[in-house]
Each structure stands twice: as structure tokens, then as C-alpha cells.
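Subject: Structure handover

Hi there,

Here is the structure I promised to pass on to you. Please have a look at it first, and then read my notes below.

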Protein chains: 2
Amino acid sequence: MNVQLIDKREGIFSATLTLIHENGFHGTAMSMIAKKSNVSIGTIYHYFPSKDNLIQEIYYHCKNELYNYIFETIDKNDSYKSHFFIIFQRFTDFYLKNVDMFSFMEQFYSSPYNDHSYDEKSKYLCHDNKIYDFLMEGIHSGQLKDKNVHILSSACIGGLVSFAKKVLYGKVEYKEQYLTEIIDIIWTGVKK
Amino acid sequence: MNVQLIDKREGIFSATLTLIHENGFHGTAMSMIAKKSNVSIGTIYHYFPSKDNLIQEIYYHCKNELYNYIFETIDKNDSYKSHFFIIFQRFTDFYLKNVDMFSFMEQFYSSPYNDHSYDEKSKYLCHDNKIYDFLMEGIHSGQLKDKNVHILSSACIGGLVSFAKKVLYGKVEYKEQYLTEIIDIIWTGVKK
DNA sequence: ATCTATCAATTGAACGTTCATTCTAGTAGC
DNA sequence: GCTACTAGAATGAACGTTCAATTGATAGAT
């Protein structure tokens, strides 16, 4: 894959994300994507066999970006607790800084596009798994409550996603203090 | 509004909810709704001026159902903590027992249908407000941490919605024990 | 260096389908 | 006979997708 090709793909991704954030999946026509990314409709179909496929690919793209952002350069010497704070701070940060992606992923996740059996590929890219691993580590080292990891994960991720939504929809103004506070609440809940 | 009319409306609501759960907003054509609810397309347009309006009305309908279910017959003598457990247990229960509504509301909430300025009507029906009141009560009586109510609300509702989704999508099997555990985690986090 | 062959990349008009909505006609209850 | 309700074919706009035609780039042959 040459640079040109990557650029086109990224350009289409970026335009699509913006449009879907504004108009939703079905308010976003292929013609709109073409116009916004300065390519023709034909070009989009050169890179992606269908709109559905484009959307799937964007989903994987977003997941990857998130995952890379969260787990980049974690200092192995820090305590588990401080890792916990850093990771979930980044998690929320990412969503708030990449509103298009957040909006897209939320729409995707609760839409029929998200075929829950279709997860072969995402199994290995899926940020959830890395986060699960991190939570498992906490359980095994006795830092977190010994509960089903999905329970812990819900308490962590759910709370932060909900917080990010509220910021996004203007129900709360963003303050770093708030973010620290909610992670603190979650930590208090899940720690042993 | 006579009984007939209410029945028709409810029938259309119910059919639409099922279809949207299966096919999403845009996979659900008016003709499909007509067929499933055993009325003609014309009849739907007699009751609802447009598909958008139908969807808005269903949203209000769902919110009301949820709100009625959660706050029905709360024994004022119980402690705040046990109210907390009952309310959030019912909250999750409702979603798991009314999968169609849950799926619909999640899709709606993160879609452009949900115009966040259009909340005049929902302000007074919105379950969030009742839940906020309940959380505020906890803050003022010294049972909950004295934090911004949106922070507390995110920690509570977010965690449970995420849990409900996991059950729905088959990532965790439902156990009453799990529900108790996650509410316990949340309670530990938000209590003073 | 020039020519040629090959294939990837790009274009956008045209196509066929789908779908929300409209419209006209008919029915049931009062 | 009047009003509220029901019916579903017809309409027309919008959309995803296709395709024939064109350009650009690369590599081998002369």
C-alpha cells in the first residue's frame, strides 16, 4: 500500500466520520462523502466494495486509534493504581478529543451494523481485550475485587462513556477535576 | 382518545420497536411497520405526521414506561441505601425485560434524531430528572459524596447500561448475583 | 532515451431500487 | 349524513451501486 493510497483511505475515513457525526449513518450519502473527501464516487468504490464495508473498516480504524493512544508508553514501574488512572484518563481524553470517532463508535455499537458474531477480526484489535487484560492483571495481583471481569469492565468503561457523552452533549462542562473525580469513584468501587 | 385509538398507537409502537431492534431505524420501512402492526400505511400517517414524529413519540413512550416502572411503590420507610439498590435494580431489570425498548433508546440516544435542544417536553418526562432528584437527595442527606450530580449519575447509570448491553449482546450471561455485585461496586464508589 | 504494454487509479453519468409520503376512495360509528 | 378512521396504489425523490471511458504510473524492450 503506497502513500497515495493510504492518504485517500484516510481522507475518506475522515470525511465520513465528520459527516456521520453530523448526519448519522443514513443521513450520510456516498455522494456526500465523495464531495467532502474530494474524490469521485467511483474512487470510494475502488477502495471499499460497499458502504457497509467502508463503515466496518472505519470501525476497526477507530478501535485501533483508541487502542494505540491508550496503551502507548506506560511506565512499567508505576503502581497498578496509577496505571489505572492513566489508562482511563486517556480513554476519556481520546473520546473527547476525537468527537467524530466517539460519536461514530457509539452509533455503530448500538446499530445493526455491529454484527456481534462478526468479531473474528476485532478479537485481536479490540481495545476491550487489552482493557480486559489490564483488569485481569488487577484481579490476579489482588488490587481489584475478584469479580467477573465484565462486571468490572462495565463499571469502569460504562461510567466513563456516560461521562464523555454528557460533556459532548453539553450537560456538563469539561473539567479535569471532574474526570479525576469520576475515575476516583470508579476506583473506589472496583478496588479490593 | 378512545380505546381503539390507544390500541392502534400501542400496536404501531410495539411493531416499530421490534422492527427497529432487528433492523435499525433505516432498515425499518413504513411499509414493514404497517404489515407488522396489521394496519395500512395510511393509518400510520393518520396517527403520526411522519416517521420522524413516530420515532420521537416512541422515545417519549419508552421513557415514560421506564420511569413508571422504576419509581413505582417505593417504601418511604426503607433506608436510602436500600432505595438505591431497588431503583437501580429495577432500572437494569427494565432494560433486560424490554430489550426492544432498550435497543431503541440506545440507538435513538446516539443518533441525530436526538436533537439535544429539543428537550422541552422531555424535561418533565425524562427519567434522568427523577434519578437526579434521587441522587441529589442522597447528596443532601450526606449518604452520597458531595460531587456534581452528573458525575454520580454517570457512574451509576453508565455502569448499568454497559452491563445491560453486555448481557444483551451475549457477552455475559445474566445472573441476579452479577446485578447485585455491580450495584454494590457502584454504591461503594459513590457513597460517602 | 523512446516507445509500448499493462494495470492501477479515477471519473461521474446512468441505473434500478427503495422508501417516505400523498392522494383518492371507501367504511364504520354516531 | 357527517366525522373519524382505514386502505393501499401511485408518486417522486434519494440513494447505493455499476460501468464504460480516461488518465497516470511503472517496467521492459528497443
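Before I come to the pockets, one term: a pocket here is an open set of grid points with protein on both sides within 12 Å along at least five of seven lines, and its lining residues have an atom within 4 Å of a point. Please also keep in mind that this is a predicted model.

With that term in hand, the second largest pocket has 20 lining residues. Those nearest its centre are A:Phe25, A:His26, A:Gln107, B:Phe25 and B:His26, so this lining draws on both chains. The volume of the second largest pocket is about 290 Å³. Sorted by class, its lining holds 14 polar residues, six nonpolar ones and no charged ones.

Now the chains themselves. Chain A contains 10 helices and zero strands, which gives the pattern α-α-α-α-α-α-α-α-α-α along the sequence. Its C-alpha trace spans about 55 × 35 × 30 Å along the principal axes.

How does chain B relate to chain A?

- The side chain of A:Lys51 places an N or O atom 2.4 Å from a phosphate oxygen.
- B:Ser40 has a polar backbone atom 2.8 Å from a phosphate oxygen.
- B:His46 brings a polar side-chain atom to 3.1 Å from a phosphate oxygen.

Which elements supply the surface near DNA strand D? At least two residues each come from α3 (41–47) of chain A and from α1 (3–23) and α3 (41–47) of chain B. The most, five residues, is given by α3(B). By class, this surface has eight nonpolar residues, seven polar ones and two charged ones.

DNA strand C has 16 residues around it, and the closest are A:Lys8, A:Tyr47, B:Met30, B:Tyr45 and B:Lys51. Of the atoms of DNA strand C that come within 4 Å of the protein, sugar and phosphate account for 67%.

The polar contacts to DNA strand C include these:

- B:Met30 has a backbone N or O atom 2.5 Å from a phosphate oxygen.
- B:Lys51 has a polar side-chain atom 2.5 Å from a phosphate oxygen.
- A:Gly42 has a backbone N or O atom 3.4 Å from a base nitrogen.

Two or more residues each are given to the surface near DNA strand C by α1 (3–23) and α3 of chain A, together with α3 of chain B. The largest share comes from α3(A), with four residues. Seven residues of this surface are nonpolar, seven are polar and two are charged.

How many cavities of 30 Å³ or more does a search of the whole structure find? The search gives three. About 60 Å³ of space lies in the largest cavity. Lining it are Ala155, Ile185, Ile186 and Gly189 of chain A, and B:Ala155, B:Ile185, B:Ile186 and B:Gly189. The elements with two or more residues in that lining are α10 (176–190) of chain A and α10 (176–190) of chain B. The lining of the largest cavity has six nonpolar residues, two polar ones and no charged ones.

Best wishes

Conventions
Residues are numbered from 1 along each chain as its sequence is written. Chains are lettered from A and ligands numbered from 1 in the order in which they are written. This is a predicted model: local features need pLDDT of at least 70, side-chain atom pairs count only at pLDDT 80 or more; totals for chains, interfaces and linings use all residues. Side-chain values use heavy atoms; hydrogens and water are left out. A polar contact is a pair of N or O atoms within 3.5 Å; within protein, one must be able to donate a hydrogen and the other to accept it, and residues adjacent in sequence count only if both atoms are side-chain atoms. Ala, Val, Leu, Ile, Met, Phe, Trp, Tyr, Cys and Pro count as nonpolar, Asp, Glu, Lys and Arg as charged, and the others, Gly among them, as polar. On a 1 Å grid over the protein atoms alone, a cavity is a set of points where a 1.4 Å probe fits but cannot get out, and a pocket is an open set with protein on both sides within 12 Å along at least five of seven lines; lining residues have an atom within 4 Å of a point. Grid points are joined across faces, edges and corners, and a volume is the space filled by probe spheres set on the points. A residue is near a molecule or strand if one of its heavy atoms lies within 4 Å of it.
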